[in-house]
Amino acid sequence: METHRHNIKPEPDEKDLKIRQLTHEYKKLQQELELTNQGMIALHHELTQKATLLEKENEARKKAEKRLIKSRDQLRLITDSLPVLIGYLDKNMICRFMNKAWEEWYGTDLSTVLNKKFSQGIGTHGFNKMRPYLDRALSGRPVRHEDTLQFPNGVKRVFTAHYIPHLDDARRCLGFVILLENITQMKFMEQDLRTAKDQAEAASLAKSEFVANMSHEIRTPMNGIIGMTDLLLATALDDTQKRYAQVVKQSGDALLSLINDILDFSKIEAGRLDFEKLPFDLKTAIEDTAELQSLKAESKNLELACMVDPGLPDQVIGDPGRLRQVLVNLIGNAIKFTHEGQIDIIAVLEGQTDSYLKVRITVKDTGIGIPSNRREQLFLAFSQVDASTTRKYGGTGLGLAISKRLVEMMGGDIQVDSVVNQGSSFHFTAVYEKNNAPNKPDKSPPSVPRKIQGKRILVVDDNPLLRDMFRSYLAFLECPCDVSENGHEALLKLKTACRENNPFHIIMIDYVMPKMDGIALAREIRNDKEIGSVQLVLMASQSQVGDAALAQESGFSAYLTKPVKRVSLFECLEQISNPASQTARPDGDVPLTTRHTLSEFSEKKLNILVAEDNPINQELAYELLHTVAGHHVTMVDNGGDAITFLESNPCDLVLMDIQMPVLDGLSTTRLIRGKDSTVKNPRIPIIAMTAHAMKGDKEKCLAAGMDGYLPKPIQAEELFSSVLKILSERGIIKSDAFAIPEPEHPVSTKGVKTVEAKIPGGLFDKQSFLSLHAHNSPRIAMKLIEMFLKHYANALADVAAAVEQKDPKALNSKAHFLKGMVGNFSQLAHDQALVLEQIGGSKDLSGSRESLSQLSRTVEQLAWVLTEYATELERDDTP
Ligand code: ADP
């Protein structure tokens, strides 16, 4: 059975097959299940990971949200804390954002205005006012404006608004940020400040007026004290009395200069110091100031030298008085604080443009010096190097403070270098406008004298600055020049030059030199046949001028007073280079025509009316306009006659004095210009001539209808250029047709030497009289002097009578008249007459007698000097 079982392999039946198949399928299913299971696990894993990620992201988002909320809150806090209104309006003018400040501005909760039309919050009135700016911002342009608005709650506010457009990438405007700043409070403050400033200014004005009045009040009795002491000193006094009187005089002078300093300083402090804008000759102003101070230097045996850069332009516009003031202070200090040695004044051109120039002026001394630790304070008010200065040297310590402010007002600065016991050097700069007036002839030097070009000149001076100065002046004149510092060296140079067949033509010798002085050197030269033919010029100080006879005896052909001025040097050289020139001068009776007298000039003959009551000014105007310029001139001496003339005569131009009897210049002009005018041409050009020269006068003249303004004393060039300007502006002449006549050649200095020696400082400046007023014409000079000598005594007597009769009105007008007469000749007399004129004007006649006695003395002296000068001119003119 078993075998059977073994041997007989039974055929699988269908059931088995089924089972096998099922088993197989089961296994397959099991495998699939296994795979699915694994997929599920992987999916589960992935899902778990995603869930974690999602959770993390969620957390991050929450954090970001928190941060966003925080920063939005911060932004809100910041914008809400700002005092300005910040908002955002979309392009439909709907408010999308507004900070808290708007609430206070509107007086309502923000929710009532946010997301609403802007017009709703601000009100129709305000919106309409702002509309143009809002529209502009919406067009994409940033806008800023200031305005006042009344808000719906009734409050009025002043604000500044800024609109900053918000543009997308295509530069389309999506809306704009609006910033409003409430400046109402600031405006109130501004108003308060303005009122306070006005009040302060009024107080300061009152204060400075008080100081000015006080100083004037003090000055009047001071002038009395000084004047009377002067008179007292001129009487017979014993030595003690004389000493006492001298102390009174010195103290009076010191007090007066102190008052002047304080007055200036208080004016500067109050910002009321006036600066003039006048055309003036810069080089001459510097040289003249130095010259005036030279006497003071000489009295202390100090040598004063002044060197002006020949390349410095002459004609500038500025305030010559203020320049002089600074120079006088610096030179005065240099003299005061120097016991021996010299004072050098050097002016150089620091820089220039077409219209401006900067000059640097140095005042150098060999005095006590200033310790370095005190230099800083020097320019502060009331500061001196040490307290003993006042005891030893006097002074207020105000001078440098004033100078510093003045220099700053002149566009410059001031500095000091100093070594104790060796000396100080003060430098300052000043900026001036160049006077580029058309057709203005260059006056300085008055045409470089051709005849001296090429002359070989030797200069002997122990002062190195002066040697340098002569080198540069002579180089300018194209004269080959050599210098020596003493007589021995000079003798050697003269001899060598002769041996080399290249002798010097002129030798200029300083009077005072160590070892061999100028006179001794001259004698050596004259005694030496080889070199004796050279021409000698002596350079001497004012006090040595008395040695003129000695100089002549020693063989000098000319002498120059120190500090030597360029113009004097040129004139002196010209004269000695060509002695024939003295006889070759034009005949006085021949009208003064020059090579520039154009035929066109006389073809354009003009009819000019001069209304002027002063005989000297009449004469001057006539000479300049008729004799020099060739025009037809009619003279009247009051406004009434001027109108009568203009009613029936053709006329091209009127020159009108302001202060005249019968009808003054301003009233006359008003009548000419007025609608009821009776004159032929109510638009006729009128130029004012006035000696008032006060601030505001020009404006008054122009307001009365005048076309131009000419300050007196009349200066030839100013007269010509004003006439030219006005007539060419009016198209009456072509501007090139009315050339400014070239000045006459300056008169020879032949006679001047002796006159100059006698003239007290400031009384009469020959040079400026001749060049400024007399147009460099000796003939005009003579005529003016003749007129003066003819009329001055009566004019002076009229002033004296007014003082005697205590008649302020008469004093005012008579002194004004006399001032006009003396103004062309003498600054000193002019100023003294002005004092009397002002006394008359003030109605308080105290001090008038003293001022009169001063003025009389000055005018008498002036008459004497002018008589002498006229004689010299006459002698010069005689062939
Ligand atoms: P004041 O001369 O009236 O005292 P300043 O302001 O002109 O006033 O000068 C102030 C001070 O500066 C003088 O007191 C003097 O001590 C000093 N100082 C000015 N210039 C010089 C100078 N050239 N040399 C020495 N010291 C000077």
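**Cavities, sheets and a salt bridge**

Good morning. The largest cavity in this structure is lined by N617, A691, K712, P713, K819, G820, G823 and H830. The model before you is predicted, so local features are reported only at pLDDT of at least 70 and side-chain atom pairs only at pLDDT 80 or more, while totals for chains, interfaces and linings use all residues. Residues are numbered from 1 along each chain as its sequence is written, and side-chain values rest on heavy atoms, with hydrogens and water left out.

Let me begin with the cavities. Rolling a probe the size of a water molecule over the atoms shows where empty space is left. A cavity here is a set of points, on a 1 Å grid over the protein atoms alone, where a 1.4 Å probe fits but cannot get out; a lining residue has an atom within 4 Å of such a point. Grid points are joined across faces, edges and corners, and the volume is the space filled by probe spheres set on them. The whole structure contains four cavities of 30 Å³ or more, and the largest has a volume of about 50 Å³. What kinds of residue line the largest cavity? Two are nonpolar, four are polar and two are charged. In this scheme Ala, Val, Leu, Ile, Met, Phe, Trp, Tyr, Cys and Pro are nonpolar, Asp, Glu, Lys and Arg are charged, and the others, Gly among them, are polar.

I turn next to an antiparallel sheet. Helices (H or I, at least four residues) and strands (E, at least two) are DSSP runs numbered from the N terminus, and two strands pair if DSSP finds at least two bridges between them. Five strands form an open antiparallel sheet in the order β2-β1-β5-β4-β3. Strands β2 (95-98) and β3 (143-150) stand at the edges with a single partner each, so one side of each has no neighbour in the sheet. On average, neighbouring strands of this sheet are turned by 25° against each other, direction ignored; axes are lines fitted to C-alpha atoms, for helices over the stretch in contact, and angles run from 0 to 180 degrees between N-to-C directions. Eight bridges join β3 to β4 (156-167) in the antiparallel sense, and E146 stands opposite T160 in β4. Helix α4 (118-138) packs on this sheet, touching β1, β2, β3, β4 and β5, and its direction makes about 160° with that of β3. Contact means heavy atoms within 4.5 Å.

Two loops deserve a word. Most residues other than glycine have a negative phi. N115, in the loop between α3 (101-106) and α4, has a positive phi near 60°. R171, in the loop between β4 and β5, has a positive phi of about 60° and is not a glycine.

A second sheet is parallel: its five strands form an open sheet in the order β19-β18-β20-β21-β22. Its edge strands are β19 (632-636) and β22 (708-711), each pairing on one side only. Four bridges join β21 (686-690) to β22, and I687 stands opposite G708 in β22. Helix α17 (615-628) packs on this sheet, touching β18, β19 and β20, with its direction at about 170° to that of β19.

Finally, charge pairs. A salt bridge is a side-chain nitrogen of Lys or Arg within 4 Å of a carboxyl oxygen of Asp or Glu; the count comes to 32. One of them joins E190 to K187, whose closest N and O atoms are 3.9 Å apart. Both residues lie in helix α5 (184-233), three residues apart, about one turn of the helix. Thank you.

Key. 1 Å grid on protein atoms, 1.4 Å probe; cavity = no way out; pocket = protein on both sides within 12 Å on 5 of 7 lines; lining within 4 Å.
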